[in-house]
Amino acid sequence: MTRGDMWITALLLLLPAIAVAEDEEIAEFKFLHVITDIRYRFAKTMVTGGIFNTANITAEVAVDLTLPNSAYISDFFFIYNGVQYDSTIHEKETAERSYTTAKAQGEAAGHVSKSAHETNKFRVIISVPKKANITFNLTYEEVLQRRDGVYTHSIYIDPGQPVPDMKIDVAVQDTRDITTLKVPPIYSNSITDVDITENNNLAVVQRPTSNSAYIRFYPTLEQQLSRWAEGLSGVFSVMFDVHRGFDAGDLLVSNGYFIHFFAPAIPNPIPKDIVFILDTSTSMYNGKMDQLKAAMKVILRDLRADDKFNVISFSSRVRFWQSDMAEANNAERAVKYIDSLKSVGWTNIRKSLVSGLEYLSERQRSSEGALIMFLTDGRATSGERNPNMVLQNVRSANKKDIPVYTLAFGKDADWELVKKLALQNFGITRRIYTDGDPARQIQNFYQEVSSAMLHGVTFRYSDTVTSGTQQNFTNYLDGSELIVTGVLDSQIDPLTTNIIGTSASGPVNLKLTSPVVDLKSQFEALTPLYDDFKVEGILQRMHAYLYIRDLMQQRVGETDRSKRETLKQKALKLSLKYRFVTPFTSLVVDVRYQKRVPDLRRDEDLYFFKEKVLPTPPPYVRRYYGGGGGGGGSSRGGGGGDPHFMVFMEGLKYPVCFDVQGKDKSIYQLIHDPQTDLTVNARMGKGKKHTRQGGFRKYMMEIAIMFHDLHLLVTRSNISLHEETYSWDNEYNMTVPGARLFIKNVTRRITRLSVVFDSRFQIDIVRHIHSAANPLGGNFLNIELGNEELLSEDSDGIIGQFIHKKIRLQTITYRNGHLVGHLRSITGLERRHGRAHIKHRHDPVWNETVSCWSLREQAKRLFDAPPKYYIVDDMYQTTLS
């Protein structure tokens, strides 16, 4: 076979683990090897897999990869027929343009990029020639974060089948003696607690020296079959910590770069004054309130004797448990109050936080131990609703720089706002996932942030730091670690540092001079990942990684647009220099000079025996599939009755389609993405008497788009943007914060409003005009999406639930003259099955005959929720009741 007989694409993914997502009968994992070299808390991991296509046709194989959230991909290549195809690093926009251009020209191309929404999940799609082998290789790097007193390195594995040759090797080497080392059993990908008292009895642990360890995990085929019948699925973890003393930490210096790790052993935490601010709005009703109460009971009973606290509950109103701060021995009274809380009202985030900060500022005993723990499951729906104004008001109220630690409970929480509230107010933030144990997650977060061992920590160095990360910290928390890195004005060793702060016992001043450290690996023959790196190479990459992460955190908390852009450009420059896939860059594999063979997916091959039954005119394919915006094609809705939705799914030749038989004046949420703060609602209305049963068909009469400060209402008669109204009859081109709007007359009866967001996600709303005599009835609206893969994995709604859903066609049967498809959807670890029929539908709007997989009632189990679940009360409602 020639090089022209294969191709590859690599796309963003929102599914977990290292997995082959194609039918097991088509793609077979011959081997899967993972090697990690952890040197001085910097982990470099290489994943290598061999895939064999057992079929007699070219098969498209999807390899799904989940990496630790803090990891950056640094290399990707694949090998076919003895030739290695390498990747190059580009700015994300440039990479996507290159990918789109090559794909449009029918050439092979691909890119690997990081999701911008706090995830690090990827898909690599490889078209494997018949009876051929392809090897892929992916490398990623991360500085391990110490949490709860240990460093945890996690490897996500889910090949979807037993693998004859599976190996995981992890080498650990540190400057200090390793005092804690655990390899727990494989655990689920879902949010869960890991029992580190148990051991993975298939893992072999060696300790060559007191400061090193080597772990091997080589499960045989028989062991995999006996424990994981469908293949190993879960997380392989190595947890370790090193010897701690009341000292200034570890300072590594080489060639003008330095890394400073600081995590001293301090006996007593600082007594705290803590105010818990808890969301009790209506949206907390559905089980969340019970989880919150369970967590708070444990937290309140865990207060130390010298702690003081109060509880604020908020919805539309703000309520204090009592007027004065309570001693810890009043915990049981507070527990009774927590038990009495009810879910009612809207969500007034600004008032709750401003009230809490003003209250605590007046009553805190000292500046060292004050903190606020804030939890919400929604977004600002009462009082001040503008997120930027909420942030500004809260920051202005925080005159004493009290740390605010925030929790975003569930997928409807305004994650961007909650994250910025913490970063702008000296705190940290976490998501609370409802698919795990929310009560335990809340408790774990409290334990992580509630023990401040040092306050006002400042790092001072003897040399001038020309560029580097943060050197002043509000608190050092028990079980964590502070890391500082920078570039020195000179390359003279050694470097001296002073660390000052305040502990429960008084002022602290720790000194340290950098020692001479040999970073050469003890395991070079076993994990040759650093062959090309000398000491300075490792420190440079660690510095780049930490500096990029620091710049991105600063950018999240920065409100000035020009400063945000400056921070982005600095991070981008470093990402390109060190080949890190960050939210600003992509890796591209480009084999555009190869001749691509016809794309014969297995799904499509099954159609051949009834090809004539499935006519799909080329204009339809060009308009909505080929030109629809990459990834999953276009999502289309509302074309001509009840409304009819059509959504292209990656992996299926024909779209899935379904009707929503809503009632007159019902409002449905089509899209809700809490990450991008986008919501799209549509009001239904009845047309002429038109159905066979003599009823009224329903159409989209109004569509509302909410995006940050943008509130757009589109009706059949006009377009309203805030207080301005625009006519459909005139063409417009205008720019608003975050988006551009275009109104264009397509034909005499069809006008299109295009909303193009800065992210390149696009919504088109089309108005169709029909005379009263037309069998379609009066005028109505239609909606189409472009680049919808840019929305986050948390997207929901009638259309939104499909944006990152994966539906595969397993088999096709021929019954009573109709093709019946047996479909399987995969969301996370959940798999659902349903049947659908090929439906040929004449679209009177575009005068085309189109084919789709029609989801009847028995197939709607593929939905996350039925359409009636997405009914809302008004056009501007962003969250479901």
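Is D764 buried or exposed? D764 is buried, because its relative accessibility is 11% (buried means under 20% relative accessible area, exposed over 50% and partly exposed in between, with a 1.4 Å probe and protein chains only).

This is a predicted model, in which local features need pLDDT of at least 70, side-chain atom pairs count only at pLDDT 80 or more, and totals for chains, interfaces and linings use all residues. Residues are numbered from 1 along each chain as its sequence is written, and side-chain values use heavy atoms, leaving out hydrogens and water.

**View 1. D764 and its neighbours.**
Look for D764 in strand 47, residues 762-768 (strands are DSSP runs of E, at least two residues, and helices are runs of H or I, at least four, numbered from the N terminus). Its side chain meets that of Q762 in a polar contact of 2.9 Å (a pair of N or O atoms within 3.5 Å, one able to donate a hydrogen and the other to accept it; residues adjacent in sequence count only if both atoms are side-chain atoms). Leaving aside residues up to four places away in sequence, D764 touches R752, L753, S754, V755, N782, I783 and E784 (contact means heavy atoms within 4.5 Å).

**View 2. Helix 3 beside helix 4.**
Here helix 3 (residues 288-301) packs with helix 4 (residues 331-340) at about 170 degrees, their axes 9 Å apart (axes are lines fitted to C-alpha atoms over the stretch in contact, and angles run from 0 to 180 degrees between N-to-C directions). The two helices are therefore roughly antiparallel (angles over 145 degrees). Helix 3 contributes K293, M296, K297, L300 and R301 to the contact, while helix 4 brings A331, E332, A334, V335, I338 and D339.

Notes
Parallel < 35°, antiparallel > 145°, perpendicular 65-115°, else oblique.
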